[in-house]
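Welcome, and take a moment to look over the molecule before reading on. We will walk through it together, one part at a time.

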Amino acid sequence: MDLSSLLRPIRELPAYQELLSSLRLGERRLRPMHLPRAARPTLAAALTLDLDRPVVLLVSRPDRALTLTEELPSWAPAVRLLPYPDPRPLFYEVAAWGPRTLSQRAATLAALTAGMEPNAEAVAHRPTLVLASARGLMTRTIPRRDFIAGTRWLFIFHDGVEEWN
């Protein structure tokens, strides 16, 4: 179901325009909005479509992130939704993370760092929303420098011309 046409009235509100201009200017102190929980995915979808940068939607619990993963594509089908799951073991437990958690976190980091590799061509911009729980965002996966250093780039040669892949 595509509900994106319902975003237009929200985008026309003066309070939304004020919030959008504040975010574009990089203001650090924003007024609390006290939105009902049901309105938050709609606002996140509109902001993701209107801002020219990735948006992080931080939720309190992992089950809320799962609910939003299903709900947000209805509001903005054009938005690339990147889950950033929290690891199952608690921070003090010595246990391995699950393969799905590792692969989703790595895929999200790779998508956010696309175009940062040496001699990279410009990556086509697509509205991106990273969906994370507070615990998932606080848990370190890997330092940025190590992630980029551990990433390997493949070169393809066609008729003596080098291409990035």
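Which residues form a nonpolar patch on the surface? They are Val56, Leu58 and Leu137, and together they have about 260 Å² of accessible area. Such areas come from the Shrake-Rupley method with a 1.4 Å probe, and for residues only the protein chains shown count as cover. Patches are made of residues with over 30% relative accessible area and no salt bridge; nonpolar side chains (Val, Leu, Ile, Met, Phe, Trp, Tyr) are joined within 5 Å, and like charges within 9 Å.

Two notes before we go further. This is a predicted model, in which local features need pLDDT of at least 70 and side-chain atom pairs count only at pLDDT 80 or more, while totals for chains, interfaces and linings use all residues. Residues are numbered from 1 along each chain as its sequence is written, and side-chain values use heavy atoms, with hydrogens and water left out.

Strands (E, at least two residues) and helices (H or I, at least four) are DSSP runs, numbered from the N terminus. The sheet is open and has three strands in the order S1-S3-S2, with parallel pairing; two strands pair if DSSP finds at least two bridges between them. At the edges are S1 (55–59) and S2 (80–84), each pairing on one side only. On average, neighbouring strands here are turned by 25° against each other, direction ignored.

Now follow S2 to its partner. Five bridges join S2 in the parallel sense to S3, which covers residues 128–133. Arginine 80, for instance, has threonine 128 of S3 as its bridge partner. Helix H5 (residues 99–112) packs on this sheet and touches S2 and S3, with its direction at about 135° to that of S2. Touching, or contact, means heavy atoms within 4.5 Å; axes are lines fitted to C-alpha atoms, for helices over the stretch in contact, and angles run from 0 to 180 degrees between N-to-C directions.

Next, please find helix H2 (residues 14–25), where leucine 20 lies. Leucine 20 counts as buried because its relative accessibility is 4%; buried means under 20% relative accessible area, exposed over 50%, and partly exposed in between (1.4 Å probe, protein chains only). Leaving aside residues up to four places away in sequence, leucine 20 touches Leu47, Asp50 and Leu51.

Asp50 also takes us to the charged pairs. A salt bridge is a side-chain nitrogen of Lys or Arg within 4 Å of a carboxyl oxygen of Asp or Glu, and by this rule the count comes to four. In one of them, the side chains of aspartate 50 and arginine 11 meet at 3.0 Å, N to O. Aspartate 50 lies in helix H3 (residues 40–50) and arginine 11 in helix H1 (residues 7–11), so this pair ties together parts that are 39 residues apart in sequence. Aspartate 50 is buried, at 17% relative accessible area, whereas arginine 11 is partly exposed, at 25%.

Another salt bridge joins arginine 135 and aspartate 86, at 2.9 Å from N to O. This pair links distant parts of the chain, 49 residues apart: arginine 135 is in helix H6 (residues 134–138), and aspartate 86 is in the loop between S2 and H5. Is aspartate 86 buried or partly exposed? With 5% relative accessibility, aspartate 86 counts as buried, while arginine 135, at 26%, counts as partly exposed.
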